[in-house]
Amino acid sequence: MEDRTNQITGAEIVIRCLQEENVKFLFGYPGGAVLNIYDAIFKQDKFKHVLVRHEQAAVHAADAFSRATGDVGVALVTSGPGATNAITGIATAYMDSIPLVVISGQVPTPAIGMDAFQEVDMVGVTRPCVKHNFLIKDIKDIATTMKKAFYIASTGRPGPVVVDIPKDITAQFAEFEYPKSVEMRSYNPILKGHSGQIKKALKLMLEAKRPMIYSGGGAVLGDCSDELVKLTRRLGFPITNTLMGLGGYPATDKQFVGMPGMHGTYEANMSMQNCDVLIAIGSRFDDRVIGNTEHFYNKDRTIIHIDIDPSSISKRVKVDVPIVGHVQSVLTEMNELLDGEFKALTENKPDAGALKAWWKQIEEWRSKDCLSYTQSDEVIKPQFVIEKLWEVTKGEAFVTSDVGQHQMWAAQYYKFDKPRRWLNSGGLGTMGVGLPYAMGAQLAFPDAQVACVTGEGSIQMNIQELSTCKQFHLPIKVILLNNRYLGMVRQWQQFFYGNRYSESYMDSLPDFVKLAESYGHVGMLIEKPSDVESALKHAFSPELKERFVFMNFLTDPKENVFPMVPNGKGLSEMILSEEL
Amino acid sequence: MKHIISLLMENEAGALSRVAGLFSARAYNIESLTVAPTEDATLSRMTIVTSGSEEVIEQIIKQLNKLVDVVKVLDLNDGRFIERELMLVKVKATGVFRDEMKRMCDIFRGRIIDVADGSYTIELTGSGSKLDAFLEALDNTAILETVRTGASGIGRGDRILKV
């Protein structure tokens, strides 16, 4: 018999790698191709395995854990259907640049290509929606591949990495040694921005008459909030945060003009359109943010763009001063320059008079009060629920959302003062992320308040996770804005399809209170505006602190999200309300 | 405008599909693509012939650089370079065609590498446009089959793409 002193199985090597990476939670679902790995999980207690009820939720929860903490999220799925169920989760993370390592089982090496039971070409299927992926062909490669996977996922512009491991390899034996570092000649992300470009940008910023800072998800992922706040306050510039960037700059601060884009505030969009120097920080001029590029070009402005990904620069919009680098490093350098080499320059710059006139203009736009809505005594307005949620949680909660009208209302009315508190699928727009996102956030911060703002369409896309929440005692509060419509679809059908509400009505809904109760949770039905605040207070009270509470708010089915920049229109072509 | 992009990438399974997939996913044109290992067997050299506006070409280069397996990318059109492509053409060589084909082959400095009763197979190297010109010069009805490798390119003088 072969000498196996110091040797462990491939499955055990996988587990040891995860332990070396200080993984706290592994989100997964077992199956044939990963049975060896699950056996190794059974024998260890360094990290916790979270058993979900559908692989999609495993990846979403791992993704949320990463969004909330900044650490790499990790998921484990079996081959074939387990792997394909994970795809939506992987693509969601990819579009929002979330660092993940997703391990998928594969059929045994000799069976690959034989159309074996539960076989799918995972490396092929995931190629367009991962930062990178690997198929392990030799047990000796497991440790270095895992090290590379974590390194690639978390550095540069982050993203998901898939590691596909055939079953036979997890059963073989080899010695384990985890590499201390990894070097790849083909992968060397740039961290520090070009000093000359940074100075050039800073000079332009100091000369600006109508400056505007536009920061996105990159500012959150790059953990540069402190530097961003310092720079923005020091310069006195207005700032907007994209849907992905909310919390990057405190929303309750007076220099914050709200979110830009399709459902951004009037003042944010008008400032974006009319500024003379636009400073883009970790944002990518997405179509939902700047609308029609032709219209955007109608106004002359100088654009400075700080981003870690060179391919994000001058992709949709031509940029004048590109700075490729880590946002935190670049902003730190800018702040240091203002305190040092540029100090003399800042004595009468930026031009106080011009800035004052610019702010006066912005205040005029702001006075339109574009987020005002008509309150009702009869029917619950969804905006009102979010406002009260913000009050009751003192703006401190982790808020996850699904996709649609409720997502926009949460983004508009919950004022995020801290980064990594707002978890939603911005890029891919994946319905069904809300509940698994709340699971990931709650596991990361067991004592925090976690609210899942959702719709009756979205929540049903991963409703099975109510069971996982029970098993792991997750005291999430679901805020269901139940308007009996796929609200955003209905809104577009009302505006652009002559009120033909094709398949957007949600019929045959379950009794959500009973449904929650059947899983052992607390269910609440809230039908009157006057009950909203007391119900929320009760849900977040110490009495229910340990409980999962499912709050079914019956909201106004006809309410629409405003302002709105119709698809293909320019930023200043907003619809402000029903009356217009 | 037509661009020839050269790149070095890790010679690993799936590397080619990452490049091909990138071009199809982002709707970039791809005229030809050739790939083979270099003198260092861990590296593959790829030549891609593509076309697009300057902005599109800039994005293609950035996106290629972003692929984790890609070590270096060079737009050959940024400087002086040589382009070569190999073509094999099987032509009719009966009656009047038999002398005519030999003559055309000589004019274009090709070589007849296979002779059969009714056909010649001609080997021709040169830039893509030279090969096009040869095909145009032939009587279309005489062409039985063509095989082209797609362009390979290399920078002139000390323009060297190496790790």
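Strand β1 (residues 2–10) of chain B and β3(B) pair in the antiparallel sense over nine bridges. Strands here are DSSP runs of E, at least two residues long, and helices are runs of H or I of at least four, numbered from the N terminus. Two strands count as paired if DSSP finds at least two bridges between them. The model is predicted: local features need pLDDT of at least 70, side-chain atom pairs count only at pLDDT 80 or more, and totals for chains, interfaces and linings use all residues. Residues are numbered from 1 along each chain as its sequence is written, chains are lettered from A and ligands numbered from 1 in the order in which they are written, and side-chain values use heavy atoms, without hydrogens or water.

A hairpin of five residues links β2(B) to β3(B). Seven of the nine residues of β3 (residues 43–51) of chain B are buried, so this strand is largely enclosed by the rest of the structure. Buried means under 20% relative accessible area, with exposed over 50% and partly exposed in between (1.4 Å probe, protein chains only).

Chain B as a whole holds four helices and nine strands. Their order along the sequence is β-α-β-β-α-β-β-α-β-β-α-β-β. Of its 163 residues, 42% are buried. The C-alpha atoms fill a box of roughly 55 × 35 × 35 Å along the principal axes.

Chain A contains an open sheet of six strands, ordered β15-β14-β16-β17-β19-β18, with parallel pairing. Its edge strands, β15 (422–423) and β18 (522–526), each pair on one side only. Strand β14 (residues 398–401) of chain A joins β15(A) in the parallel sense over two bridges. A:T400 has A:L423 as its bridge partner.

The largest nonpolar core has 99 residues, and A:M334, A:I479, A:M551 and A:F553 touch the most other members. Such a core is a set of buried Ala, Val, Leu, Ile, Met, Phe, Trp, Tyr and Cys residues joined through side-chain atoms within 4.5 Å. Helix α14 (residues 327–339) of chain A gives the most to this core, six residues. Apart from it lies another core of 53 residues, including A:A61 and A:F472.
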